[in-house]
Amino acid sequence: MEAKGEINQRETRIKRKEMLEKRKSIDEIMKTAVSEKDCLSQFPQFRHYQRNGLFVHLESGRGDKLSSDTKKCIQNLLKLNMEAPYGPEWPAEEKVKRREMVASEARYIFVHEIPNEDAIKESESVDKERKFTCYPIVGFVHYRFILEEEVPVLYVYELQLEPHVQGKGLGKFLMQLIEFIARKNKMGAVVLTVQKANLVAMDFYLHKLKYTVSAISPSRVDPLLGLEKSYEILCKAFYHEAQVVLEREETCL
């Protein structure tokens, strides 16, 4: 019979091997996701959105490739939508967001509004990408592929839309695209942060899109600490392992 010590050593070696294999698999998933140059190329049907009198074209971008005009557009839209929810915290938060938006790991989906349906038809002929990008940016999604509690996730840093294109289904459309991108790249979940004061956004994610307050959100980690924080971390997990880590029931804490 094997000595107890030998059995324990063998079990330890097996567990260590499993952990190393898991880490290698995660590293490969993250490497593949980050190396993707244009996640929209996997979903050509999402290039255009034409509903409720709104016609837009989507294009991909990276934080370290932004033009000065695009940076300015992002900054203006962030201030327009987020200054009120952040309140007195906004000046400091704005500085953080300006640094985040130009990081090399930042990935973008830009929303260009097309004046009318005829513009889309015309742009399908010659040099269509150039024609589309000449139209103004009326919204964007800033997202990244990161590890959260050792789970590969797509983290939505920002989803911002001009007021006049809100309420037309575009936000839901963009989040559906984000979830497709996450699944395609083998992410375990989509995660995002929402200001508690932004009641419209909280309702949008929790009730319309069925996201949940994550187990890593301050209010779930420590209810007393959560009272001091102005935000919640929300998530939608796709696989069991991610659900266990990011969506576990409060009674399990």
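Guide: In what follows, Ala, Val, Leu, Ile, Met, Phe, Trp, Tyr, Cys and Pro count as nonpolar, Asp, Glu, Lys and Arg as charged, and the others, Gly among them, as polar. The model is predicted, so local features need pLDDT of at least 70 and side-chain atom pairs count only at pLDDT 80 or more, while totals for chains, interfaces and linings use all residues. Residues are numbered from 1 along each chain as its sequence is written, and side-chain values use heavy atoms, with hydrogens and water left out.

A pocket is found on a 1 Å grid over the protein atoms alone, as an open set of points where a 1.4 Å probe fits, with protein on both sides within 12 Å along at least five of seven lines; lining residues have an atom within 4 Å of a point. Its volume is the space filled by probe spheres set on the points, which are joined across faces, edges and corners.

The largest pocket holds about 1000 Å³ of space. It is lined by 38 residues, of which Leu-159, Gln-160, Asn-198, Ala-201 and Tyr-205 are the closest to its centre. By class, the lining comprises 17 nonpolar, 10 polar and 11 charged residues.

Helices (H or I, at least four residues) and strands (E, at least two) are DSSP runs, numbered from the N terminus. At least two lining residues come from each of α2 (68-86), α3 (90-101), β5 (151-161), α6 (170-184), β6 (189-195) and α7 (199-208). The most is given by β5, with seven residues.
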